[in-house]
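The sequence and the model are shown first.

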Amino acid sequence: MKKTVFLAAALILTACSSPKSEAVTAPKETPSTEAASAPTPTESGTPAATKAALVLAPDGLSIVEAASGKPRLVRFGVARASAETAIGHLQGEPLEQGSSSECGAGTVDYTSYKDDLQLTFQDDKFVGWTINGAESPLRTGKGIGIGSTRQDLDAAYKIVVEDSSLGVLWGVDDLVGLLDQDGIEGLVTGIWAGTVCLID
């Protein structure tokens, strides 16, 4: 059964564009057919093997091909099936799928993958992602992920930090996360972007 990650949140929708806001919805129209395209199948009908990295982005998830270094953004607003196909090629089969009707922005559907990555959907569109697992290796384009130090965070971004009902919240542009404590010794314990419902 799903439960809240942070009990103080009481299943509040907590997708923030900055620490000042408690909720924000994704753009209604942000087409990105290139970003959501699946790899070309081989003659056997299975996806061609590619080496790529998944990078956390404030406006979606970026797939960076190792050979070229070129990113393909799976942007918020693309169809759920397209997002799941693109992300599933790197993350494998979904570990869990479900929905929650107790979020502030209404019913939110979700698909969970390895590395504690969870995608959220509304109206069959990709609208957000979150990570909060201690072992997740996923990182932003500037190398920030779970376990990053406050020093790493300050070196990478000009963040705003404030206390919230969830804990010590930090934000920059449309990227938001949590620290286990305020001050120089704080560690990143969660990161998200877009419209999400913090469930586990």
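## Basis and overall layout

The model discussed here is predicted.

The chain contains two helices and 12 strands. In sequence order, these elements follow the pattern β-β-β-α-β-β-β-β-β-α-β-β-β-β. Of the 200 residues in the chain, 46% are buried. Among contacts with a separation of 6 or more, 49% are between residues 24 or more positions apart. The accessible surface of the chain comes to about 9,900 Å², and carbon and sulfur atoms contribute 51% of that area.

## The eight-stranded sheet

Eight strands form an open sheet with antiparallel pairing, in the order β4-β5-β6-β7-β12-β11-β10-β9. Its edges are β4 (96-100) and β9 (160-164), each of which pairs on one side only. On average, and with direction ignored, neighbouring strands of this sheet are turned by 25 degrees against each other.

Within this sheet, strand β10 (residues 167-172) and strand β11 (residues 175-179) are joined by five bridges in the antiparallel sense. Val172 stands opposite Leu175 in β11.

## The four-stranded sheet

A further open sheet consists of four strands in the order β3-β2-β1-β8, and its pairing is mixed. The edge strands are β3 and β8 (139-140), and each pairs on one side only. Strand β1 (residues 52-57) and β8 run parallel and are joined by two bridges. In β8, Thr140 is the bridge partner of Leu56.

By contrast with that parallel pairing, β1 and β2 pair in the antiparallel sense, over six bridges. A hairpin connects β1 to β2 through two residues. Ala52 stands opposite Glu65 in β2.

## Helix α1 and the two sheets

Helix α1 (residues 80-91) lies across β4, β5 (108-113), β6 (117-122) and β7 (125-131). The helix runs at about 15 degrees to β5.

## Aromatic cluster

How many aromatic pairs does a search of the whole structure find? The search finds two. In one of them, the ring centres of Phe76 and Phe126 are 5.0 Å apart and the planes stand at 70 degrees, so the pair is edge-to-face. This pair links distant parts of the chain, with Phe76 in the loop between β3 (71-75) and α1, and Phe126 in strand β7, 50 residues apart. Phe76 counts as buried because its relative accessibility is 4%, and Phe126 is buried with a relative accessible area of 0%. The pair formed by Phe121 and Phe126 is tilted, with 6.1 Å centre to centre and 50 degrees between the planes.

Phe121 is buried, as is Phe126. Through these ring pairs, Phe76, Phe121 and Phe126 are linked into a cluster.

Is Gln118 buried or exposed? With a relative accessible area of 5%, Gln118 is buried, because buried means under 20%.

The side chain of Gln118 makes a polar contact with the side chain of Ser112, at 3.1 Å.

Note on methods: Residues numbered from 1 in each chain as written. Predicted model: local features only at pLDDT ≥ 70, side-chain atom pairs only at ≥ 80, totals over all residues. Heavy atoms only, no water. Pairing = 2+ DSSP bridges. Axes fitted to C-alpha atoms, helices over the stretch in contact; angles between N-to-C directions. Contact = heavy atoms within 4.5 Å. Buried < 20%, exposed > 50% of the residue type's maximum accessible area, 1.4 Å probe, protein only. Areas by Shrake-Rupley, 256 points an atom, 1.4 Å probe, with all protein chains shown as cover. Phe/Tyr/Trp six-rings, centres within 6.5 Å; stacked < 30°, edge-to-face > 60°. Polar contact = N/O pair within 3.5 Å; in protein donor to acceptor, adjacent residues only side chain to side chain.
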